[in-house]
Each structure stands twice: as C-alpha cells, then as structure tokens.
Amino acid sequence: MRVAMIGTGYVGLVSGACFADFGHDVTCVDKDAAKVETLQSGGIPIYEPGLDLLVQRNVREGRLHFTQDLTDAVREADAVFIAVGTPSRRGDGFADLSFVYAAAKEIAEVMNGYTVVVTKSTVPVGTGDEVERIIRETRPDADFAVVSNPEFLREGAAIDDFKRPDRVVVGTDDERARNVMHELYRPLFLNETPIVFTSRRTSELIKYAANAFLALKITFINEMADLCESVGANVQEVARGVGLDNRIGSKFLNAGPGYGGSCFPKDTLALVRTAQDFKSPVRLVETVVDVNDKRKRAMADKVIAACDGDVSGKTIAVLGLTFKPNTDDMREAPSLEIIPALQEAGAVIKAFDPAGTVEAEHMFSGVEFTSGPYFCVEGADAVVIITEWNEFRALDLERLKASMNAPVLVDLRNIYVPDEMQAAGFKYTSIGRP
Ligand code: NAD
C-alpha cells in the first residue's frame, strides 16, 4: 500500500518507518524544513532507541521517503495519516486542532481517487466529523473516508510498541476504509494482535480514556506515597501488594514526581474540557490534573526540606531533565517546574541529562549544563535524581560522595535502597518510603 504520513515528529516518524518496515511504500511529510533536511541527509531529528537503523534500512530499500511538499505523496496514497501535533490551546486547555484542520485542507486540495484519511493524532471526540466536513467542503467531488486510528506508542520504546502493540484501534463505519486499514496492519493480524474496530467517535474517546486512566493510576500511587510518608509505610511494597492483583496490574504504579510528557498533561486537560463542553464532567480526571500540577511544586519543597529547609546559595546537582528516560522530549517534564522553583528559593543549579540537553538548554535560564553525572555533582550541596535514566541506577557512591560538598541525595524515582544509601553515608530522601 502507499502511505503518506503528514507530520514527521515522534509519532509520524516512528509510524512511517514501521509501516515501511511492514513492506508499505511510505512518504513522510513535514513542514519543518530543518527536520526534513536532516532526514534526507541520513540523520534523525529525535532521540528514540533503534530508530536510526530502522529508518536507514527502509530508506536504503526504497520504501521510505521524506519531503516537505505533500502533493505527490498524497496524490498517490491509498491512506494519508495525519500525525501532526495537538498541543493544549493556550489559555483554556482544549486541544489545539489548528494543525489537524490545516493538514486536512491541504490533503483535500490534492487527493486523487479513493483515499482513506486517518487521524493518528490524539483528537477530541467529533474531530473526525470536522475533518470530513473540511475535506468535503474543499473538494465536493472527492472519494474518501475519514478514519480514527489513535496511536498508543510510548516514547523510548516506540518501535516495539508500534510493532507489538497491545491492540490497534480503528474507528470507521466505511467498509472500504476498513479493508485498507486491515491491509495496512496485516503483519499485526498475523501476530494475532487484537484489532478493535469501532465507530469513529468511540475510537477518538478510547485514546483519551486510556491516557486519563494511566494518569489516574500514577496519581493514585503518588497520593499513596504521600500517605506512606505520613503513616510510616513503604509505597513500593504497597504498589507490589496491590499490583499483584490481576484486576489492577503492576504497571504505572511507580511513585514519582508527577506525570509529564507530551501526552498525559495535555490529554487529561483536553478530556476535562471536552467533558465540560458536553455537560458531562469527569470529576476524577479533573482531580488528577489538579493533584498532579501541585505535585511538581511539592517536589521542589521536598528538595528544600532535604537541604535543612534552605537552598539559598547552595549548589544543587540535577540528574535527568527529560520527562522520562530514553527520550530527548522535554515537554511538560517535571524538571521544568522543579528547577525554577529551586532557583527561586536561591539555589544554583547544575544539570546533566544523557539525551535532553540540546532541548533543555532553551528551556532554562541560569543552569550550568555538564557532560556527565560526576561532573554534575562536583562541589554540590545536594543531588536530585529527577529522571531514572539507566546510567543513574548504579552510580559509584564513593566517588559521588567524595566529589560533593555534602552527601545529600534526593531520589525522586526510588531507584536506590534507603538502607544501602544510609550505609554509604548519604542523607537520603526518596518518595513514600521510610
Ligand atoms: P511532534 O510535535 O513531535 O510532531 C508533529 C509534527 O507535525 C511536527 O514535526 C510538525 O512540524 C509537523 N506538522 C504540523 N503541521 C503540519 C502540516 N500541515 N504538514 C506537515 N507537517 C506538519 O508531535 P508528536 O509527539 O509526534 O505527536 C503527534 C500526535 O500524536 C499528537 O496528537 C500526540 O498527542 C499524539 N501522540 C503522541 C505520542 C508521543 O509519545 N509523542 C504518543 C501517542 C500519540
């Protein structure tokens, strides 16, 4: 099949490369000239494990192409995917659909023959109807169907998630479109991946419901962590004891500094706004958003408390800036709240991140970026682990302590064992553990 992927970001590039790897002919389109030039010259604009090899292989074998101009790609395509961003609209938290609608119009202008237009972007219920309306208005003669096919991949494990998903969700009532989608995902049918065919609106809502539920799970265990701190219990053991119940499951029960990233914050908020619009409020999700927002600020207070209530003039070393490991994505990362709050309290910040520094440099002021964890902690009065990159999991504690001004370690991801840290001579603080 011939595929045009409009938007070549974290989702579009991975999806495009994976569809090419399934054997389809894929052209990835992006408006961002620098991104397309990087890809055309063999580079990868984002950090995602394994993506460079996957892209190189499929480009070499002639199945994957990059362009700034969608005309030829769309004209020849059986399926055109919209994978552009849907950020929070400034001020009100609704999903900003301007990129989706602009893409729909551009697609309509050049589409040719029966075309399946697929929204892979995360979009509120009813967006597919509007995309259909725009295309119909732009090209009354067009033969097309608009399908919802939300993406569930996780950055950092995106290729595996795309190729071995828990499920694929396809929302359409159009029989021909259903066949095209079936053909596109054929390799997954062979793997017996469950494919949920449903209506377009239901499919759109499934994506938000899934993200809201995961955000709720994280927020739930974060509140349990706070309770553990108050009552002298251990949140990791609570999570294990709870998670072994098959009805609950152990994933997304790691207490931490609050969820961030390119999806959960904006998607929970957008769901809240949609539900309010339809006069059917989702109060649980409203609370999740509120609790999570406050949590990030509370993490700065935790660091300050670990420094005996005062960080003024003290040097704090921050390990990990991205919203999670194995990505360079800084969107809504907890570090973006924690670091400015510490600076406001008078702290001097040094930081290190294995992949996020280039992105992060534009997002902070007054932070000294270093080239490794041991450089970062030199002379520091405290070290804070914000993101649990693998390389922070087995730090040489003796070396760490020897280069620091004071052996204070705040572990916002619970990657070390309290007893061992104490034995190593650290004043150690973590989340929800005695
Ligand atoms: P992104 O910002 O990384 O990429 C979007 C790309 O679209 C950008 O490169 C932008 O230049 C391009 N673009 C915008 N308008 C365009 C147009 N008219 N023509 C061509 N290119 C255009 O975004 P992302 O993280 O890949 O997310 C895309 C969508 O997928 C969002 O709706 C997001 O919620 C959803 N999603 C993201 C993830 C994730 O982990 N990032 C996971 C699942 C779903």
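**Charged pairs and nonpolar cores**

Author: K105 and E109 stand four residues apart in helix α5 (residues 98-110), a separation of about one helical turn; helices here are DSSP runs of H or I with at least four residues, strands are E runs of at least two, and both are numbered from the N terminus. The model is a predicted one, in which local features need pLDDT of at least 70 and side-chain atom pairs count only at pLDDT 80 or more, while totals for chains, interfaces and linings use all residues. Residues are numbered from 1 along each chain as its sequence is written, and side-chain values use heavy atoms, with hydrogens and water left out.

The side chains of K105 and E109 form a salt bridge, with 3.3 Å from N to O, the term meaning a side-chain nitrogen of Lys or Arg within 4 Å of a carboxyl oxygen of Asp or Glu. K105 is partly exposed at 40% relative accessible area, and E109 is likewise partly exposed at 46%, where buried means under 20%, exposed over 50% and partly exposed in between, for a 1.4 Å probe and protein chains only. R186 and E183 make another such pair, at 2.9 Å from N to O; R186 is partly exposed with 39%, and E183 is partly exposed with 31%.

By the same rule, the count of salt bridges comes to 29. One of them joins the side chains of D21 and K163, at 2.4 Å from N to O. Because D21 lies in helix α1 (residues 10-21) and K163 in helix α7 (residues 158-163), this pair ties together parts that are 142 residues apart in sequence. K163 is buried, its relative accessible area being 17%. Elsewhere, a network of salt bridges links D129, E132, R200 and R201.

Turning to the interior, a nonpolar core is a set of buried Ala, Val, Leu, Ile, Met, Phe, Trp, Tyr and Cys residues joined through side-chain atoms within 4.5 Å. The largest core holds 40 residues, of which F19, L51, F81, M181, L184 and Y185 touch the most other members. Helix α1 gives the most to this core, contributing seven residues. Leaving aside residues up to four places away in sequence, M181 touches F81, V116, V118, V147, N149 and V170, contact meaning heavy atoms within 4.5 Å. A second, separate core comprises 39 residues, among them A95, A108, V123 and Y259. In soluble globular proteins, nonpolar side chains tend to be buried together.
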